[in-house]
Amino acid sequence: MTRIVYLNGEFLPAEEAKVSIFDRAFLMGDGVYEVTSVLGGRLIDFDGHVRRLERSLGELGIEMPMSAEELLGVHKELVEKNAIVEGGVYLQITRGVADRDFLMPEGLKPTVVLFGMHMNLVESPKAETGMSVGVTDDQRWARRDIKTVQLLYPSMAKTAAKKAGFDDAWLVEDGFVTEGTSNNAYIVTKDGRIVTRQLSSDILHGITRAAVLKMAKEAQMQVEERPFTIEEAKDAAEAFITSATTFVMPVVKIDGAEIGGGKPGPVAKRLREIYIEESAKLAS
């Protein structure tokens, strides 16, 4: 089946889609992105992703190139044209095309790219066995709340973790965990409190994070938003991550130390069940 993508108003076979070498994202990393999950052929938390997209674009001074309703229509059409039952839709918006310059030009027409991905989200093997994370310094830029395409350091950190035998890495700054390379990080204390870093420019304001914390509170679970150390994480009863494509994923080993006996814990497992069940009900 030919993969159909969206580029600047057109649905095209992937091999026919071309972006200028002068695009600001290619030259300067001047763009933002979102990934919206698909379950049962429907979009998960699309409204949340659009709100974050608008915020990211606003922080960079890039105009929203189309309405939320138009974007939803493009997402749905991509899902249909590519017969995506389970997976995701990647969206990228850049400032546009201009000669290379450190000054940000005004009045450019944004470049809009979307493509679909087939992925196994619900029956992920790691949800049953749990994942392992290494630890590395957080050397990213200071505006991690903007979901930019500047992903070189997270990519380096994830690749280094894989080479060291881990599934991913948690990033540490000033002695405290910020987040994972592409996900938000959590621990569950021995008295049952879910702990995750509070929102700021230090971390991405995860859409899945917001949904999971809301569902946890509705399930009468205690949530504490504050920084935590790797030492505290190693002593925790459980650990897990959240992201659009992993949902809630248990972490059973941190920097070589087993968490919760090396098996996924009840809190992470229950939150994953609730998230999948509730998200499917609310999908677009």
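Me: What makes a residue such as Asp 45 part of the lining of the second largest pocket?

Reply: A lining residue has an atom within 4 Å of a pocket point (a pocket is an open set of 1 Å grid points where a 1.4 Å probe fits, with protein on both sides within 12 Å along at least five of seven lines). Here 22 residues line the second largest pocket. Asp 45, Gly 48, Arg 51, Ile 207 and Ala 211 lie nearest its centre. This is a predicted model, where local features need pLDDT of at least 70, side-chain atom pairs need 80 or more, and totals for chains, interfaces and linings use all residues. Residues are numbered from 1 along each chain, and side-chain values use heavy atoms, without hydrogens and water.

Me: Which elements supply that lining, and how does it divide by class?

Reply: H2, H6 and helix H8 (266-282) each supply at least two residues. The lining divides into nine nonpolar, five polar and eight charged residues.

Me: What lines the largest pocket?

Reply: The largest pocket has 48 lining residues, with Tyr 33, Lys 147, Thr 181, Ser 182 and Asn 183 nearest its centre. Among the elements giving two or more residues are strand E3 (31-39) and helix H5 (152-163). H5 gives the largest share, six residues. By class, the lining has 18 nonpolar, 18 polar and twelve charged residues.

Me: Why is Val 97 called partly exposed?

Reply: Val 97 has 41% relative accessibility. Buried means under 20% and exposed over 50%, with partly exposed in between (1.4 Å probe, protein chains only). So Val 97 counts as partly exposed. Val 97 sits in the loop between strand E5 (86-94) and strand E6 (111-118).

Terms used:
Helices (H or I, at least four residues) and strands (E, at least two) are DSSP runs, numbered from the N terminus. Ala, Val, Leu, Ile, Met, Phe, Trp, Tyr, Cys and Pro count as nonpolar, Asp, Glu, Lys and Arg as charged, and the others, Gly among them, as polar.
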